[in-house]
Amino acid sequence: MSMITTTAWVPRGFAAPFPTKYTFDEEEFERIAALAKLQLDDAQEDLDEAKAKEDEDTAMKVDTRDEIEIDDDLKEYDLEHYDDDDDSAAEAQQMGMFGNVKSLAYYESNKEDPYITLKEEEEDDEEREDLQILATDNLLLAAKIEDELAHLEVYVYEDANDNLYVHHDIMLPAIPLCLEWLDIPVSKPGVDKDSTGNFVAIGTFDPDIEIWDLDTVDCMYPNAILGQGGNPEDEKKKKKKKKSKKANDEYHVDAVLALAANRKHRNLLASASADKTVKLWDLHTTKCAKSYSYHTDKVCSLAWHAVESTVLLSGSYDRTVAIADMRAPNEAPMRVGVESDVENVRWDPHDPNFFYVSTENGIIHYFDARNATKDPAVSKSVWKLQAHDESVSSFDLNPVIPGYMATGSTDKTVKLWNISAEGPSLVVSRDFDVGKVFSTTFGPDPEVAFRLAVAGSKGTVSVWDTSTNAGVRKFFAQKVPTKANEEEVEDKLVGVNDVEDSSSEDGEDDDDEDDESGSDQDSMEEDDE
């Protein structure tokens with residue numbers, strides 16, 4: 001099995017030009033030992049419990065070996081003691097592998113060794129060049145499951161060369177469900193806490209949130225853990241006890257389904273969980289600052305307001321969306337209701353008074369936050385759109401181009417939409433052979449605003465240059481600056497195994513796409529109630 005559950009872009013200019021190699025020194029060992037103490041204690045107690053149970057089971061068994069008559073021909077082999085350890089034999093052989101070490105020739109440095117012909121400086125230079133990230137490169141993060149192993153793949157996207165490749169990866173302890181890129185260093189020694197960083201927060205089926213440094217290659221352990229696993233110094237946790245599923249104000253007790261970093265208050269990270277709570281974390285202290293219980297079911301999506309930086313949007317399986325000011329935890333939030341489980345929520349990046357909600361039934365709702373009340377039953381959307389026949393598992397609003405929306409669904413299609421004053425209209429629909437679509441995200445910078453990362457249940461990620469599509473150019477070319485003497489190009493898709501421009505029946509498809517434009521206008525329903 002292989003799938004990509006979520007992706008996230010890293011804007012240009014944040015990644016270190018030459019990421020550092022992980023070094024495991026005494027200081028790093030002490031840091032890891034402190035972070036891992038709780039897990040190690042738990043594992044040791046689990047092992048002790050298993051051994052005690054095994055001894056108990058052994059004691060209950062009846063030893064019948066004495067009752068068995070052994071054939072005279074087999075006695076010489078002493079099969080009764082076949083599995084017993086032979087201490088004398090072990091002692092005789094313990095130096096067998098390295099018993100002749102003193103006779104080996106060795107050199108004080110590799111320079112003196114005639115058998116080492118490749119100099120260390122040349123190796124270091126080549127490795128340094130392989131790891132280099134240019135100022136014009138974007139990083140693309142993909143949370144991947146492959147053969148029951150979970151890891152984060154860090155891709156480099158070279159837009160000028162239409163190239164996408166894996167730079168390095170990070171092993172994860174459980175299936176990843178959400179990612180959030182962080183521009184602030186977290187628990188990084190020797191670095192000012194308010195300086196610029198390049199980190200990622202990862203939520204998994206485990207209740208803890210791991211934070212990793214993207215500028216360090218081959219890390220063994222995260223820089224910080226938000227949750228119960230990040231507090232080994234707590235005396236109460238030195239003793240093994242069953243993890244309670246009861247929600248509390250200090251850490252999550254169930255899977256982390258969504259993360260949202262506050263771009264104005266950079267040390268704040270919001271998390272949503274299957275334990276029905278939303279938590280606010282202080283990244284300077286890696287502690288939970290506040291816990292909120294706005295929902296009656298799993299909370300699956302979060303979004304900070306771009307202008308009112310303390311206002312958070314949260315969507316839940318209880319079929320409601322809450323609009324809450326995090327400064328007033330005791331005040332009931334404004335709410336809107338939808339017809340089925342919420343999948344994702346997004347603020348409109350070009351009009352902060354409005355927000356979008358996608359649902360399990362394949363519908364996109366467009367709400368005016370100013371009309372929200374404390375009763376979700378009376379909420380009314382500006383418009384709603386039947387975008388897909390199945391769940392809208394992902395959607396994104398282009399941060400640079402107004403009115404440009406992408407949706408992805410478990411029906412395996414990706415659709416691009418033009419949002420005008422009259423409502424949404426379909427621009428193009430595509431199947432990228434990524435399986436069920438779990439992630440559709442636009443590039444974060446103006447230079448890659450038309451690039452769309454698509455990933456899904458087949459475990460592959462592709463970057464589509466949507467500007468090479470005739471339908472997209474028709475609707476959005478006038479909304480962005482155009483280059484002089486720009487030549488016509490064919491539809492372009494970049495994947496890890498295919499860095500060439502891929503033409504997917506451009507002429508024929510473009511005619512179909514133009515015909516499809518506006519065909520879903522009829523599926524948009526105005527709420528006149």
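Predicted model: local features only at pLDDT ≥ 70, side-chain atom pairs only at ≥ 80, totals over all residues.
Residues are numbered from 1 along each chain as its sequence is written, and side-chain values use heavy atoms, with hydrogens and water left out.

Aromatic pairs come to 15 in this structure. Rings of Phe, Tyr and Trp (its six-membered ring) pair if their centres lie within 6.5 Å; planes under 30 degrees apart count as stacked, over 60 as edge-to-face and the rest as tilted. One of the pairs is Y356 with Y366, tilted, at 4.6 Å centre to centre and 45 degrees between the planes. It links distant parts of the chain, with Y356 in strand β20 (residues 354-359) and Y366 in strand β21 (residues 363-368), 10 residues apart. Strands here are DSSP runs (E, at least two residues), numbered from the N terminus. Y356 counts as buried at 2% relative accessibility, and Y366 does too, at 9%. Y366 also pairs with W383: the ring centres are 5.0 Å apart and the planes at 25 degrees, so this one is stacked. Since W383 belongs to strand β22 (residues 383-386) and Y366 to β21, the pair ties together parts 17 residues apart in sequence.

Taken together, F354, Y356, Y366, W383 and F395 make up one aromatic cluster.

Elsewhere, the largest nonpolar core holds 21 residues, and L141, L152, L179, V200 and L214 have the most contacts inside it. Such a core is a set of buried Ala, Val, Leu, Ile, Met, Phe, Trp, Tyr and Cys residues joined through side-chain atoms within 4.5 Å. Strand β4 gives the most to this core, with four residues.

Then there is an open sheet of four strands, ordered β15-β16-β17-β18, with antiparallel pairing; two strands pair if DSSP finds at least two bridges between them. β15 (299-304) and β18 (334-337) stand at the edges with a single partner strand each, so one side of each has no neighbour in the sheet. Between β16 (residues 311-316) and β17 (residues 320-325) there are five bridges, and L312 has A324 in β17 as its bridge partner.

Note on methods:
Buried < 20%, exposed > 50% of the residue type's maximum accessible area, 1.4 Å probe, protein only.
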